[in-house]
Amino acid sequence: MEDKDRLEEDKHTIDDLFHRSLKFKNSMEYIHFFRFIGKIFHYSHYNAMLVYSQNPEVQYFGTRGFWKKTFDRTVNENARPYVIIVPFGPAALAYDVRETCGELPPEEFINKGFNGELFETGGYLPEEMYYEIKKELEEYKIIVEDAPMPANQAGITDDYSLEKIHIKISKRLSPEQKFATLIHELAHNFLGHMEQKVLTKKSVYTKGPNKGKPKIETISIPGRLVKSEDLREIEAETVSYVICCRWNLEHDAERYLSGHVTEENIKQISPELIISVADDIERYFLKRLKN
């Protein structure tokens with residue numbers, strides 16, 4: 001099987017798992033799921049979803065080897081195992097953080113461990129960081145303007161040309177709110193809600209045989225017909241929520257989504273698409289600034 005075909009098959013497998021195993025009845029359950037996915041970096045999205053489908057109360061998981069090597073913690077003798085998939089190998093067993101022991105008891109480890117980042121949200125983004133992000137976006141002809149806007153509007157994409165994006169963000173918002181709104185608007189574009197786009201960034205090679213020579217990086221965004229406004233808002237807000245979780249920023253997505261999430265809409269959601277778009281936005285525009 002070719003890599004392209006395998007990726008497409010994996011996408012459908014992940015989406016099928018989501019729809020068969022997870023029955024969301026309200027927006028809070030939906031958000032709880034994506035918050036969990038947004039905090040898992042050390043295993044694939046598929047494995048995160050697989051563990052969540054076995055027990056949505058799991059907070060953070062790993063194999064016996066992971067816990068020992070990474071945090072010098074051991075798994076309790078009677079701990080409940082969760083099945084995960086190992087690339088090019090058989091299934092493995094993973095265990096929740098609360099089923100481990102070490103120098104600190106589980107709850108204390110959860111509160112103090114992971115450099116204090118995994119389970120807490122700081123809710124703070126330096127204003128200079130927000131402006132650095134805007135500079136990164138400008139290199140791809142994505143122009144972000146802080147502008148006066150109506151009280152009921154946080155942001156809008158008002159340029160639909162093929163080679164650039166113009167986003168307006170309400171100037172009355174805090175840096176954290178501007179960040180969440182900016183990601184929401186970027187998500188609309190990267191999810192294909194607007195129209196097909198080809199963004200380019202001009203730079204130079206910094207190493208190798210082409211060092212100093214011109215370099216052009218291209219991002220192709222396919223158009224995608226999504227007629228339902230509710231579905232468009234669910235997808236874009238979920239991307240924003242996942243990234244805010246990764247950046248440890250508060251995000252009141254549950255209130256926003258409560259008016260959009262229904263069982264019928266959830267049936268049309270592709271979690272793999274949402275997570276892939278979140279990954280793309282971070283990789284292109286945020287990775288250099290995060291650490």
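## Around His251

Setting aside neighbours within four places in sequence, His251 is in contact with Ala180, Glu237, Ser240, Tyr241 and Cys244, where contact means heavy atoms within 4.5 Å. This is a predicted model, in which local features need pLDDT of at least 70, side-chain atom pairs count only at pLDDT 80 or more, and totals for chains, interfaces and linings use all residues. Residues are numbered from 1 along each chain as its sequence is written, and side-chain values use heavy atoms, with hydrogens and water left out.

His251 has its place in the loop between H8 and H9. Is His251 buried or exposed? His251 counts as buried because its relative accessibility is 17%; buried means under 20% relative accessible area, exposed over 50%, and partly exposed in between, with a 1.4 Å probe and protein chains only. The C-alpha atoms of His251 and Gly123 are separated by 8.1 Å, although the two residues are 128 apart along the chain.

## The whole chain

The protein chain has 11 helices and 10 strands. These are DSSP runs numbered from the N terminus: helices are H or I with at least four residues, and strands are E with at least two. Of the chain's 291 residues, 45% count as buried.

## The nonpolar core

The largest nonpolar core holds 74 residues, and Tyr30, Phe61, Phe179, Val239, Ile281 and Phe285 touch the most other members. Helix H8 (residues 229–246) brings the largest share of this core, 9 residues. Such a core is a set of buried Ala, Val, Leu, Ile, Met, Phe, Trp, Tyr and Cys residues joined through side-chain atoms within 4.5 Å.

Beyond its neighbours within four places in sequence, Phe285 is in contact with residues including Glu136, Tyr140 and Phe190.

## A strand pair

Strand E3 (residues 82–85) has a covered face, Tyr82 and Ile84, and an uncovered one, Val83 and Ile85. In a regular strand, side chains alternate between the two faces of the sheet.

E3 pairs with strand E4 (residues 91–96) in the antiparallel sense over 4 bridges; two strands pair if DSSP finds at least two bridges between them. Within this pair, Ile84 stands opposite Ala92 in E4. The hairpin of E3 and E4 has 5 residues between the strands, and Phe88 takes a positive phi near 60° there.
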